[in-house]
Amino acid sequence: GGLGGSTLAKVMAEHGARVLVLERETQFKDRVRGEQMSSWGVGEARALGIYDLLRNSCGHEIRWWQTYVEGAPLERQDCVAESLQHAPQFMFYHPTMQEVLLQAAADAGAEVRRGVVVREVKPGTPPTVIIEQGGRTEELLARLVVGVDGRTSMVRKWAGFPVHHDPPQRFIAGVLFEDMAALPDDTAHFQVKPSLGQLVLLVPQGQGRARAYLGWYQHITPHRLQGADDLPRFIEESVRTGAPREFYTGAKAAGPLATFDGTDSWVEHPYRTGVALIGDAASTNDPCFGQGLSLTLRSVRVLRDQLLAHDDWDSA
């Protein structure tokens, strides 16, 4: 029921497939994750027919990207003028995006079940899914099971995909702020301080809200920032990295502060015996900073196009 799952359900249902979406949450809530989509990801969203829907309901377009290295500004990038897609960077609040796209999948004809716990996925011909809802267990048969259940994917584990990892490298902490009045609404600020081994990314969501990230190398600072007690340190380290202190003046946390592991992990090929993986379930490796949402939509489009082009979905 997230970005990848709901989008895939929508576009496949629009082409006549019978689709079932299994979503654990009955109400989506904020968690720390990526919410900034690069211009090429906007191109993928347009190709999948979801961009206008998101822009008109929960999205915020960002034209400018400003990078600083050791406090010195580089040339400000015009994302619309300089990208191949002539598209801005794009932000949205994750829980709202999930509701919008899950409803869009239902409107396209997909069946959506919420409050469902998936107990097991069994690869095979056909693959099966065992679910539990309201104290009742049910086994479902499918032509294809798609696991879009994130970086700790249980579908990946149940289906027996070997997972590869780089050595531990970096942590990334994030939090949603509101009342961040001094941060320009049309510009993402990316601060890199190699002398500290730290970086800061501030991406506005409109109306004074912004998602703030702080990244650092694990071998330099091995502990995580978690919860309200660590918020002052998050701000101080962000300022030490180069973010203007006035950006944080008067700002209030509008969601949890949490840290996730930024180390790359991946499966060699995200399909086996009736089970496919997309999104972070397939890989959390970035070709550069913050490409996860764009990669997810690229995966959805490629999978959709292959399934529509082949009668034999195993070959697809």
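This is a predicted model: local features need pLDDT of at least 70, side-chain atom pairs count only at pLDDT 80 or more; totals for chains, interfaces and linings use all residues.

I begin with helix 1, residues 3-14, and helix 9, residues 292-309. How do these two helices pack? Their axes lie 10 Å apart, at an angle of about 30 degrees. Because angles under 35 degrees count as roughly parallel, helix 1 is roughly parallel to helix 9. The crossing of the two is right-handed.

Which residues make this contact? From helix 1 come Leu3, Gly4, Thr7, Leu8, Val11 and Met12. They meet Leu293, Thr296, Leu297, Val300, Leu303, Arg304, Leu307 and Leu308 of helix 9. Sorted by class, the contact comprises 10 nonpolar, three polar and one charged residues.

In soluble globular proteins, nonpolar side chains tend to be buried together. Here, the largest nonpolar core holds 35 residues, and Leu3, Met37 and Leu54 have the most contacts inside it. At least two residues of this core are supplied by each of helix 1, helix 2 (39-47), helix 3 (51-57), strand 7 (89-92), helix 5 (94-107) and helix 9. Helix 1 contributes the most, with six residues.

What does Met37 touch? Leaving aside residues up to four places away in sequence, Met37 touches Leu3, Val42, Ala45, Gln89, Phe90, Phe92, Leu293, Ser294 and Leu297.

Finally, there is a second, separate core of 22 residues, with Met180, Ala210, Leu231 and Ala243 among them. Thank you for your attention.

Methods:
Residues are numbered from 1 along each chain as its sequence is written. Side-chain values use heavy atoms; hydrogens and water are left out. Axes are lines fitted to C-alpha atoms, for helices over the stretch in contact, and angles run from 0 to 180 degrees between N-to-C directions. Helices (H or I, at least four residues) and strands (E, at least two) are DSSP runs, numbered from the N terminus. Angles under 35 degrees count as roughly parallel, over 145 as roughly antiparallel, 65 to 115 as roughly perpendicular and the rest as oblique. A crossing is left-handed if the near helix is turned anticlockwise from the far one by less than a right angle, and right-handed if clockwise. Contact means heavy atoms within 4.5 Å. Ala, Val, Leu, Ile, Met, Phe, Trp, Tyr, Cys and Pro count as nonpolar, Asp, Glu, Lys and Arg as charged, and the others, Gly among them, as polar. A nonpolar core is a set of buried Ala, Val, Leu, Ile, Met, Phe, Trp, Tyr and Cys residues joined through side-chain atoms within 4.5 Å. Buried means under 20% relative accessible area, exposed over 50%, partly exposed in between (1.4 Å probe, protein chains only).
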